[in-house]
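Trainee: Could you take me through this model feature by feature, giving the general idea before the particular case?

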Amino acid sequence: MRWGLTVPLTGVPLREHKALIGELASLGYTDLWSAEVAGADAFTPLVLASEWDDKLRLGTAVVPVHTRGPAALAMSAAALADLAPGRFVLGIGASSETIVTGWNGIAYDPPLARTRDVLRFLRQAFAGDKVDGEFESFTIQRFRLEKAPDVPPAIMLAALRPQMLKLARREADGAITNWLSAGDVKQVRAELGDGKELAARIFVCVTEDAEMARNIGRYLIATYLTVPGYSAFHDWLGRGEALGLMRAALAAGDRNAAMAAVPVEVIDDLVVHGSADDCRAKIQAYVDNGLDTPIIATLPTGDNLLDAARALASRPS
């Protein structure tokens, strides 16, 4: 069974992760996954981890397909695959219009086509082929990696709804999702099918102060689940009605009312909280429902997140 952790931990400088990463494998962790929003980029934490540990599988969850040119993305991935041969997974995804256009000033091409085209380009590039020709969303002229990876990385897609999950089933090595409950895993797995890896980032608050955890959850849910892609995801999962008051309040410009309108049941479904033992049991429920790789994302509660990561290990010290 796989057991993953998201890095960097919130508020912990990258340089202070060395000791933790060096002991993760002995604690039962198998995977280390980065993220890329507005903090560290997806690759740098894993480059450091490749030097601090030689056992963990390293994955990006995820690199946006719009914010780097296809060749630049292939070069970064090939370099990390060279540092950690056979244990690097490249997770790519469409991200959001806010990140792509609002923060990076790049046109948000149709996400399904762009993701598919980047996936196909990367397959050719990692094989050492010269890529030369038109894709639906871009044209490549005579690109070849100077050194293709000896072991091409697996490629997984960020996927929230049936079309992207089906693309992952057809052409990728698996799918990565987040903001779902343990019960939702079965619905996602049914679209992805058997035989493909399913990974999910699971947000975890190690605290027995349920109200603190729920307040953190309210803020995050009102921030993330109103983004169009996540909103559509939860409509598909059947939460549209439960989130209706939150959406209406946010549309009216009242963020405080939006947070107050998030139902407690939704928070408890989507944010794992409780003692470390309780949290591990709840994460295991995702696995029992068909998740291959839980990717724990520890949420700050005021306690030391390095200690929280150790406590959430499958074999805690």
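Mentor: Grid points are joined across faces, edges and corners, and a volume is the space filled by probe spheres set on the points. Keep in mind that this is a predicted model, in which local features need pLDDT of at least 70 and side-chain atom pairs count only at pLDDT 80 or more, while totals for chains, interfaces and linings use all residues. Residues are numbered from 1 along each chain as its sequence is written, and side-chain values use heavy atoms, with hydrogens and water left out.

Trainee: How much space lies in the largest cavity, and which residues line it?

Mentor: The largest cavity holds about 40 Å³ of space, and its lining consists of V7, P8, L14, H17, I21, P45, L48 and W52. Helix α2 (residues 44-52) gives the most to that lining, with three residues; helices here are DSSP runs of H or I with at least four residues, strands are runs of E with at least two, and both are numbered from the N terminus. For residue classes, Ala, Val, Leu, Ile, Met, Phe, Trp, Tyr, Cys and Pro count as nonpolar, Asp, Glu, Lys and Arg as charged, and the others, Gly among them, as polar. On that scheme the lining of the largest cavity divides into seven nonpolar residues, one polar and no charged.

Trainee: What is the volume of the largest pocket, and which residues lie nearest its centre?

Mentor: The largest pocket has a volume of about 1,600 Å³, and of the 49 residues that line it, V37, I99, N178, Y224 and Y230 lie nearest its centre. By class this lining has 31 nonpolar, 14 polar and four charged residues, and helix α4 (residues 97-103) gives the most to it, with four residues.

Trainee: Which domains does the assignment give for the protein chain?

Mentor: Domain bounds come from an automatic or database domain assignment, which here gives domain 1 (4-200 + 292-312) and domain 2 (209-274). The C-alpha centres of domain 1 and domain 2 lie 25 Å apart. With contact taken as heavy atoms within 4.5 Å, 17 residues of domain 1 are in contact with 18 residues of domain 2. The lining of the largest pocket draws at least three residues from each of these domains.

Trainee: How many residues does the largest nonpolar core have?

Mentor: A nonpolar core is a set of buried Ala, Val, Leu, Ile, Met, Phe, Trp, Tyr and Cys residues joined through side-chain atoms within 4.5 Å, where buried means under 20% relative accessible area, exposed over 50%, and partly exposed in between (1.4 Å probe, protein chains only). The largest such core has 97 residues, and those with the most contacts inside it are L5, Y29, L90, I92, F121 and L122. This core draws at least three residues from each of domain 1 and domain 2. A second, separate core of eight residues includes W33, A61, V89 and I176.

Trainee: Which residues of helix α9 are buried, and what covers them?

Mentor: In α9 (residues 228-237), Y230, S231, A232, F233, H234 and L237 are buried, and their cover includes β9 (174-178), α7 (185-192), α8 (210-224), α10 (244-251) and α12 (264-270). Just after α9, G238 takes a positive phi of about 100°.

Trainee: Are R142 and W179 buried or exposed?

Mentor: R142 counts as exposed because its relative accessibility is 59%, whereas W179 counts as buried because its value is 1%. As for peptide bonds, a cis bond joins V7 and P8, with omega about -5°, and the bond from A61 to V62 is cis as well, with omega near 0°.

Note on methods:
On a 1 Å grid over the protein atoms alone, a cavity is a set of points where a 1.4 Å probe fits but cannot get out, and a pocket is an open set with protein on both sides within 12 Å along at least five of seven lines; lining residues have an atom within 4 Å of a point.
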